[in-house]
Amino acid sequence: MNSIEEKLWNYIDGTCTPAEQAAIALLIEHDEVYRRKYGELLALNAEFTNIELDEPPMAFTYNVLEQIRAEQALKPLKANIDNRIIKGIAAFFILTISALVIYSILMVNWSAGNIEWKMPQLNLPKVSGLLSSGVIKGFLFFDVVLGLYLFDHLLRRKKIAKAA
Amino acid sequence: MQHKPTDIELIEQSLTGDQSAYAELIRRNQRFVFTLALRFTKNREDAEEVAQDCFVKAYRNLQAFQGQSKFSTWLYSIVYTTAMTHLRKKRIATDSIDDEGTFIQIENKPSGYDMNNVENRSRSYYLNLAIEQLLPDDAAVITLFYKGEQSLDEIAQALNMEANTVKVKLFRARQRLKEKLERLLKHEAKELI
């Protein structure tokens with residue numbers, strides 16, 4: 001149910017239909033209660049337009065622009081690289097490798113017949129002598145320290161991200 | 001006479017990297033954005049942070065602004081979401097309209113007024129004091145309607161609400177503001193007697 005005040009505010013704001021507008025205008029003209037309330041709300045409405053806006057600090061604009069500049073400077077190199085350049089480099093390598101593969105295939109003499117082919121024998125150095133228990137222990141110790149360091153790094157990053 | 005660039009022209013210039021154009025956009029809107037932020041945060045330091053954040057976010061997303069609404073409406077929607085996020089972070093309950101007791105008294109008194117100077121205690125002063133005592137939602141709707149040159153539809157867009165909800169909120173906010181203003185003036189009259 002619309003109260004007198006609600007109807008009058010709608011009338012003042014101009015948010016009611018033309019028919020309602022005309023009906024309320026008639027009521028204001030003939031009804032004393034409506035007329036008095038309308039005058040009161042109109043005065044209040046005029047008063048509300050006098051609300052003062054607060055002034056931000058003097059350096060506000062400068063601070064915003066500084067923040068924008070700092071953000072732009074902090075942008076990772078990754079974000080500044082044009083994707084088209086990356087794609088261009090990738091396309092160049094793919095084309096070069098493809099051309100090389102195609103050329104190699106075309107150059108193969110397929111009519112060579114049955115040739116007995118043997119796997120070439122490679123003389124690899126023996127590494128069993130190098131892997132003494134001391135070396136293995138040292139390697140494992142290094143792995144554990146590295147693992148702990150990386151785990152700590154990960155936890156720190158998570159903590160910073162949560163705080164931000 | 002020098003041509004005053006429109007908001008859209010300034011946005012286009014800003015998008016080409018002209019920071020002085022964006023500085024002009026900030027200057028045009030900073031008082032209102034700051035006041036609106038203050039309505040939500042009830043604290044000048046927080047309001048400054050929110051307002052600053054809002055302009056940085058707007059700059060970052062300037063390309064997304066399609067010009068279908070006024071720049072100010074778009075900016076106010078950013079203020080609203082930024083302020084809400086800020087308040088959520090600070091764990092301040094702001095959305096309860098019925099819980100009148102939860103409002104936080106503003107820390108700083110309105111600028112330009114000397115509290116000890118009785119002559120300065122005009123109705124306008126009490127009006128601003130009454131607004132500060134309103135709930136953030138009510139204060140924001142009143143400010144957007146009377147000072148932001150926003151229609152009910154635009155306020156609804158900025159606050160992400162239905163236009164009818166905004167209409168009801170505005171009606172209630174005006175009633176509350178009227179009550180608070182009357183209470184403050186009555187109190188002042190008693191003090192003077």
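Which pattern does chain B follow when read along the sequence? Chain B follows the pattern α-α-α-α-α-α-α-α.

## Basis of the model

This is a predicted model, in which local features need pLDDT of at least 70, side-chain atom pairs count only at pLDDT 80 or more, and totals for chains, interfaces and linings use all residues. Residues are numbered from 1 along each chain as its sequence is written, while chains are lettered from A and ligands numbered from 1 in the order in which they are written.

## Overall build of chain B

Chain B contains eight helices and zero strands; helices (H or I, at least four residues) and strands (E, at least two) are DSSP runs, numbered from the N terminus. Of the 193 residues in chain B, 37% are buried. A residue is buried if 20 or more other C-beta atoms lie within 10 Å of its own, exposed if 12 or fewer, and partly exposed in between, with C-beta atoms placed from the backbone.

Two residues are in contact if their C-beta atoms, placed from the backbone, lie within 7 Å. Among contacts in chain B between residues at least 6 apart in sequence, 67% join residues at least 24 apart.

## Nonpolar cores

A nonpolar core is a set of buried Ala, Val, Leu, Ile, Met, Phe, Trp, Tyr and Cys residues joined through C-beta atoms within 7 Å. The largest has 48 residues, and those with the most contacts inside it include B:Val33, B:Ala37 and B:Ile155. Helix α2(B) gives the largest share of this core, 10 residues. Leaving aside residues up to four places away in sequence, B:Ala37 touches B:Ala47, B:Val50, B:Ala51, B:Val79 and B:Ala83. Another core, of five residues, lies apart from the largest one; among its members are A:Leu8, A:Trp9, A:Tyr11 and A:Ile24.

## The contact between the chains

Chain B brings 32 residues to the contact and chain A brings 23 residues. On the side of chain B that touches chain A, α2 (19–41), α3 (44–60), α5 (123–132), α6 (136–146) and α8 (163–192) each supply at least two residues. The largest share of this side, 10 residues, comes from α2(B).

By type, this side of chain B divides into 16 nonpolar, eight polar and eight charged residues. Here Ala, Val, Leu, Ile, Met, Phe, Trp, Tyr, Cys and Pro count as nonpolar, Asp, Glu, Lys and Arg as charged, and the others, Gly among them, as polar.

## Helices α4 and α7 of chain B

The axes of helix α4 (residues 71–89) and helix α7 (residues 152–159) of chain B come within 7 Å and cross at roughly 40°. Axes are lines fitted to C-alpha atoms, for helices over the stretch in contact, and angles run from 0 to 180 degrees between N-to-C directions. The two helices are therefore oblique to each other; angles under 35 degrees count as roughly parallel, over 145 as roughly antiparallel, 65 to 115 as roughly perpendicular and the rest as oblique.

From α4(B), B:Thr73, B:Tyr76, B:Ser77 and B:Tyr80 meet B:Glu154, B:Gln157, B:Ala158 and B:Leu159 of α7(B). The residues of this contact comprise four nonpolar, three polar and one charged.

## Loop residues

B:Lys42 lies in the loop between α2 and α3 of chain B and has a phi near 60°, a positive value in a residue other than glycine. B:Lys42 is buried, with 21 other C-beta atoms within 10 Å. B:Asn160, in the loop between α7 and α8 of chain B, has a phi near 55°, likewise a positive value in a residue other than glycine. B:Asn160 is exposed, with 10 other C-beta atoms within 10 Å.
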